[in-house]
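Subject: Structure for your review

Dear colleague,

Please find below the structure I promised to hand over. My notes on what was found in it follow directly after.

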Protein chains: 2
Amino acid sequence: MIIINTGDGKGKTTAAVGQIIRSLGQGFKVCLIQLFKGDEFYGEQKILTALPNLDFFSYSKEHPFCVKNVSLEEAAQKCKPAIAKIKEIIDGAKNAKKYDLIVLEEFNIALRDNFIDKSEFISLVKELSKNCDVAITGRGAPCELIEIADLVTEMKEIKHPYNLGAKARKGVEF
Amino acid sequence: MIIINTGDGKGKTTAAVGQIIRSLGQGFKVCLIQLFKGDEFYGEQKILTALPNLDFFSYSKEHPFCVKNVSLEEAAQKCKPAIAKIKEIIDGAKNAKKYDLIVLEEFNIALRDNFIDKSEFISLVKELSKNCDVAITGRGAPCELIEIADLVTEMKEIKHPYNLGAKARKGVEF
């Protein structure tokens, strides 16, 4: 099954984290591949990396829109090992299935910014989904990805304190 | 801060679970009060109950719409200890703050079905939020609750395999 969490509202990443916890609780094996998230910033990383049956990979940790002195080219280059990791998982699954769920965090952003090739990514997701569930997060999921997905949720902002000038808070946004 | 995850789409509970994991990862203390969820059915329960710094309470485990032989009266009665627990937490916080985040799972459903009193619940949530963040989940959050909330997300269904006749799957829906 291909699952997408998209939209401008809060809950895309936390819902994927909850999905990981749900899967692990059912005894499944999970792989999380994360983009654009600095280590030891997001609270969930500390808990997730300590759980058994979860493999965690993080690439292109700094997005140029969030961190100065990181160029678009650099960020794109650093997404390449993430794609290589997906290919490695697909190859590995030909011998023995390793994961029940693979979460591709913020890959919609990498697609939006052309850091990864859309048609290649869509082929890889289709391939991955033959052996396990694949969940993809990030705002602005492209139509071609929604097209091949089974379960798509838009996290829609109804009210957000950012709009009243509030800042991101520890434990809530990170 | 008062946070609401509502809407007909997937991700309300998993986003709350992710929020709990995020909070715990930041070293915060969390309380989860759950309604209408049978023990050892949902994968997340097994992982969450094993984590330190999380207190987990579950009431009115069977909803009449899901489990035969449970009456509306019975389900409503079994929600009373949940309200008593909230009052106990509010009273306790007058001496010393115990939690940074309290998650009230599926309380929107209890409001919809008149199992709990709406104006009493809203007063309690306001009171709770003086000392900690409060997250409330469930479809159909009433306007009066949205009114007092700071952060409201509608999980909107764009595509769902249920609509193609698929059944709920282990690790995905539970």
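Helices α1(A) and α1(B) are roughly perpendicular to each other, because their axes cross at roughly 90 degrees. These axes come within 6 Å. Please bear in mind throughout that this is a predicted model.

From α1(A) they are T13(A), T14(A), A15(A), A16(A), V17(A), G18(A), Q19(A), I21(A) and R22(A). Facing them in α1(B) are T13(B), T14(B), A15(B), A16(B), V17(B), G18(B), Q19(B), I21(B) and R22(B). Sorted by class, the contact of the two helices comprises eight nonpolar, eight polar and two charged residues.

Next, the relation between the chains.

As for the interface as a whole, chain B contributes 45 residues to the contact and chain A contributes 46. On the side of chain B that touches chain A, the elements giving two or more residues are α1 (12-25), α2 (43-48) and β6 (151-159). Of these, α1(B) gives the most, with 12 residues. This side of chain B holds 18 nonpolar, 15 polar and 12 charged residues.

Strand β6 also links the chains: β6(A), residues 151-159, is joined to β6(B) by seven bridges, and the two strands run antiparallel. Among the pairings, E154(A) has K156(B) as its bridge partner.

Finally, a helix pair inside chain B. Helix α3(B), residues 72-95, packs against helix α5(B), residues 118-128, at an angle of about 30 degrees, and their axes lie 10 Å apart. These two helices are therefore roughly parallel to each other, and their crossing is left-handed. The contact is formed by I86(B), K87(B), I89(B) and I90(B) from α3(B), together with L124(B), E127(B) and L128(B) from α5(B). By class, five of the residues in this contact are nonpolar, none are polar and two are charged.

With kind regards

Notes: Residues numbered from 1 in each chain as written. Chains lettered and ligands numbered in written order. Predicted model: local features only at pLDDT ≥ 70, side-chain atom pairs only at ≥ 80, totals over all residues. Axes fitted to C-alpha atoms, helices over the stretch in contact; angles between N-to-C directions. Helix = DSSP H or I, 4+ residues; strand = E, 2+ residues; numbered from the N terminus. Parallel < 35°, antiparallel > 145°, perpendicular 65-115°, else oblique. Left-handed = near helix turned anticlockwise from the far one by under 90°. Contact = placed C-beta atoms within 7 Å. Nonpolar A, V, L, I, M, F, W, Y, C, P; charged D, E, K, R; others polar. Pairing = 2+ DSSP bridges.
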